[in-house]
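Subject: Structure handover and notes

Dear colleague,

Please find below the structure I promised to pass on, followed by my notes on what turned up in it.

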Amino acid sequence: MSILVIGECVADIVRAPAGSGAADRVHPGGSPANVAYGLARLGRDVTLLTQLADDPSGQLIADHLKGAGVRVEVGGVPARTPSAVVGLDARGQATYTFDIAWTLEADPARPAPAHVHIGSIAAVTAPGAAAVLAVTEALRDRATVSYDPNVRPGLMGEHGEAVARVERCVALSDLVKASDEDLAWLYPGENPRTVAARWLALGPAVVLVTRGAEGSLALTRQEAVTEDAPRVAVVDTVGAGDSFMSAVLDTLAGREREALGALGAEYLTGLLRKAGAAAAVTVSRAGANPPDRAELDAAREEFGLRSGRVS
């Protein structure tokens, strides 16, 4: 099964907490790039349509992705590879300050993969977002679609317009994953389950909500299930949601659009457990470093997550 991920690559400059004595670290990042990398680590056939400059950060990211088996397709070369300064607090929680431009060029008339994943900065930032949506719309009749808003408030622009852009992407998708922090910014004061139910009405068959250490939630039109997160020592949270997303897409690979809406409660519980195990591995080590297949299997064994009919 072929998967096309469309979105940004970012060089993450991770700053340690003040007074820790640790040095800054540079990691390949960008939510869509992390998802593609995580899928490749799990053995999936994945192409990333992105932008990379011919500079040291661009080479670092390209080598990182290709080393895992990701095919990298560059849709235009920016003046410099996007970067983000990642600040970590004492709990390993990350905040971001971006230097990014997104001017993707892409031809919508391309061979269709089995699945398209979009998200984050690339799906809402002009002018490149128009190309992301054009490709997704052109392929949607022949491929399933997933979306992760992965909200970056400093890059979202005016709030009402940002919500409209996000909801357009939700309506294009069969599967949507968002964090509780994403939803709190998009819809202040609203219950995440209420938002997830409203998003289902826009078109997706499945909406997933991650809640960090509090676990996760899955909703379809027939089912609603929650699952606790595994307890691990957190090094940092960079890329945790992207590892969760990769594990979800790996689990659901090959399912047709109609089948997604028919997923039962037991299956959804197993899906959340498997994805939660992938995220737990990632937060237990520095940077967006998702598990490979053997590591994910070992984590599921360690956390006692063999129940639930998910392979």
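In these notes two strands are said to pair if DSSP finds at least two bridges between them, and helices (H or I, at least four residues) and strands (E, at least two) are DSSP runs numbered from the N terminus. Please keep in mind that this is a predicted model, in which local features need pLDDT of at least 70 and side-chain atom pairs count only at pLDDT 80 or more, while totals for chains, interfaces and linings use all residues. Residues are numbered from 1 along each chain as its sequence is written, and side-chain values use heavy atoms, with hydrogens and water left out.

Sheet and strands

Nine strands form an open sheet with mixed pairing, in the order β5-β4-β1-β8-β9-β10-β11-β12-β13. Because β5 (71–74) and β13 (224–227) stand at the edges with a single partner strand each, one side of each is left without a neighbour in the sheet. On average, neighbouring strands of this sheet are turned by 15 degrees against each other, direction ignored; axes here are lines fitted to C-alpha atoms, for helices over the stretch in contact, and angles run from 0 to 180 degrees between N-to-C directions. Within the sheet, β9 (residues 144–148) and β10 (residues 175–179) run parallel and are joined by two bridges, with S146 standing opposite L175 in β10.

Helix α4 (residues 128–139) packs on the sheet, where it touches β1 (2–6), β8 (115–119) and β9, and its direction makes about 155 degrees with that of β1. Helix α10 (residues 265–283) also packs on the sheet, touching β11 (206–210), β12 (216–219) and β13, and its direction makes about 30 degrees with that of β13. Contact means heavy atoms within 4.5 Å.

Elsewhere, β2 (residues 10–15) pairs with β6 (residues 83–88) in the parallel sense over five bridges, and D12 stands opposite A84 in β6. On the other hand, β6 and β7 (residues 94–99) pair in the antiparallel sense over six bridges, S83 having D99 in β7 as its bridge partner.

Helix α1 (residues 31–41) is mostly covered, with ten of its eleven residues buried (buried means under 20% relative accessible area, exposed over 50%, partly exposed in between, with a 1.4 Å probe and protein chains only). Just after α1, G43 takes a positive phi of about 90 degrees. D242, found in helix α8 (residues 240–252), is buried with a relative accessible area of 7%. Leaving aside residues up to four places away in sequence, D242 touches S31, N34, V35 and D148. D242 and P32 are 210 residues apart in sequence, yet 7.6 Å apart in space, C-alpha to C-alpha.

Aromatic rings and charges

There is one aromatic pair, counting rings of Phe, Tyr and Trp (its six-membered ring) whose centres lie within 6.5 Å, with planes under 30 degrees apart taken as stacked, over 60 as edge-to-face and the rest as tilted. The rings of Y187 and W199 have their centres 6.2 Å apart and their planes at 70 degrees, so the pair is edge-to-face. Both Y187 and W199 are buried. The charged end of R198 sits over the ring of Y187, 4.9 Å from its centre, and R255 lies over the face of Y267, at 4.5 Å from the ring centre; the criterion is NZ of Lys or CZ of Arg within 6 Å of the ring centre and within 35 degrees of the ring normal.

Best regards
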